Amino acid sequence: MSQAPRSGLSAVSSALLAMSRHLEVRDVLKTIVASARELLDAQYAALGVPDDHGGFAQFVVDGVSDRQWKAIGPLPRQHGILAAMLQDAKVERLADVRKDPRFEGWPSAHPDMSDFLGLPIRDGDEVIGALFLANKNCLKPEGSCGFTAEDEELLSILAQHAAIALTNARLYERSRELTIAEERSRLAHELHDAVSQKLFSLRLTAQAATALVDRDPARAKGEMHQVAALAAEAADELRAAVVELRPAALDEDGLVATLRTQIQVLDRAHTARVTFAGRGVKALPSAQEEALLRVAQEALHNALRHSGGEHVDVTLDRRGGGAVLRIMDDGSGFDPKAVRRAGRHLGLVSMRDRASGVGGTLTVESAPGKGTVIEMEVPGG
């Protein structure tokens with residue numbers, strides 16, 4: 001008798017810990033649905049986040065294959081039982097959802113469902129989602145619901161914590177959007193200043209070369225070399241800005257493949273030898289992968305432009321459920337304290353901000369004449 005509650009509490013605890021590990025809204029939704037289905041041993045689970053137009057902004061399912069979901073068609077509207085949960089904000093436990101007077105049917109490809117347990121997810125007075133399960137995996141006497149009052153209580157506990165996790169994830173994403181907007185504004189100003197100066201110099205130098213072509217061809221040739229150099233510098237500024245504004249398609253290629261490709265390009269483009277090794281790293285939350293990529297780009301930029309080293313080695317290793325990124329060069333190194341005092345951070349502040357923003361840490365080891373090692377660790381999801 002005492003074993004079942006402990007087992008239930010352990011399962012709830014595991015579900016809550018899983019939810020708290022994610023920062024992205026989509027990841028949180030998926031974790032809530034998977035946790036609910038496992039916790040209550042149901043065949044199907046789903047969670048819908050309503051929009052303001054009678055539909056769902058997001059709708060996540062568990063227990064339905066990608067092929068089935070694609071065949072089902074567009075996201076459902078807020079009608080029938082779903083509407084009742086969102087509007088009345090009360091628990092619905094039904095022996096057969098198909099016999100409920102509010103049932104309005106479903107698409108032909110939709111799996112057949114009978115017993116049903118659903119409830120709203122609330123943030124204060126606001127209903128921010130509807131969570132429901134169907135087809136309890138148990139023997140059910142004719143006309144009875146497999147879901148019990150204890151199931152209802154467990155799901156209510158899960159829903160309360162789901163509201164917290166979902167609200168936190170939304171706040172995180174809004175904060176991140178603001179940060180990105182501020183960063184884009186900063187980059188736009190830097191791009192305007194840097195490239196405008198280069199182009200202005202380019203124009204003046206080209207005019208000088210034009211004036212010298214007839215009376216001093218040798219000097220004009222020198223000016224044209226300067227034009228080429230300035231054009232290359234302007235192109236570098238533009239490329240750097242594009243990389244900063246438009247991250248690689250991490251969703252398609254993954255962090256390891258993206259890093260490997262970028263480092264291969266850098267190795268071909270610079271005299272320094274640039275190498276990469278990725279070992280045992282699993283997929284990480286998208287925000288952590290982007291932060292790792294950005295820190296790697298910044299550290300590589302510093303190493304290749306400022307260190308004067310012959311080798312830059314990048315490694316990405318699994319550490320627990322997360323990962324550790326290390327960028328090591330054999331260049332001139334620097335005194336981190338002196339750099340901080342002088343106000344020249346070499347991007348260290350932005351790298352630390354990126355690391356801390358995804359729950360990670362960043363350490364810098366360097367000394368004059370002894371190269372630099374930058375290490376970033378993230379906890380994973």
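Predicted model: local features only at pLDDT ≥ 70, side-chain atom pairs only at ≥ 80, totals over all residues.
1. At 5% relative accessibility, Phe-116 counts as buried, and Phe-132 is likewise buried, with a relative accessible area of 10%. Buried here means under 20% relative accessible area, exposed means over 50%, and partly exposed lies in between (1.4 Å probe, protein chains only). Residues are numbered from 1 along each chain as its sequence is written, and side-chain values use heavy atoms, with hydrogens and water left out.

2. The protein has 10 helices and 10 strands, taken as DSSP runs (H or I, at least four residues, for helices; E, at least two, for strands) and numbered from the N terminus. Of its 381 residues, 39% count as buried. Among contacts (heavy atoms within 4.5 Å) with a separation of 6 or more, 62% involve residues 24 or more positions apart.

3. Five aromatic pairs are found in a search of the whole structure. Rings of Phe, Tyr and Trp (its six-membered ring) pair if their centres lie within 6.5 Å, and are stacked with planes under 30 degrees apart, edge-to-face over 60 and tilted otherwise. Phe-103 and Trp-106 form an edge-to-face pair, 4.8 Å centre to centre with 75° between the planes. Phe-103 is partly exposed at 24% relative accessibility, as is Trp-106 at 27%. Phe-116 and Phe-132 have ring centres 5.5 Å apart and planes at 25°, so this pair is stacked. Because Phe-116 belongs to strand S4 (residues 116-123) and Phe-132 to strand S5 (residues 126-136), the pair ties together parts that are 16 residues apart in sequence. Phe-116 and Phe-132 also form one aromatic cluster with Phe-56, Phe-59 and Trp-69.

4. Arg-77 sits in the loop between H3 and H4 and is partly exposed, with a relative accessible area of 45%. Its C-alpha is 4.4 Å from that of Gly-55, although the two residues are 22 apart in sequence. Beyond neighbours within four places in sequence, Arg-77 contacts His-53, Gly-54, Gly-55, Phe-56 and Leu-82.

5. The largest nonpolar core has 34 residues, and those with the most contacts inside it are Leu-259, Leu-325, Leu-362 and Met-376. Helix H7 (250-269), strand S6 (273-279), H8, strand S7 (311-319), strand S8 (322-329), H10, S9 and S10 each give two or more residues to this core. H8 gives the most, with 10 residues. A nonpolar core is a set of buried Ala, Val, Leu, Ile, Met, Phe, Trp, Tyr and Cys residues joined through side-chain atoms within 4.5 Å. Apart from neighbours within four places in sequence, Leu-259 contacts Phe-276, Leu-293, Ala-296, Leu-316 and Leu-325. A second, separate core of 28 residues includes Leu-47, Leu-133, Ala-163 and Ala-169.

6. Helix H10 (residues 348-357) has Leu-348, Met-351 and Ala-355 buried. Viewed down the axis, the buried residues of H10 fall within an arc of 65°, so they line one face of the helix; the arc is that of the directions from the helix axis to the C-beta atoms. Their cover includes helix H8 (286-307), strand S9 (361-366) and strand S10 (372-378). Gly-359, which follows H10, has a positive phi near 80°.

7. Asp-41 has phi near 55°; it is in the loop between helix H2 (25-40) and S1 and is partly exposed, with a relative accessible area of 38%. Asn-135, with a positive phi of about 60°, lies in strand S5 and is buried at 10% relative accessibility.
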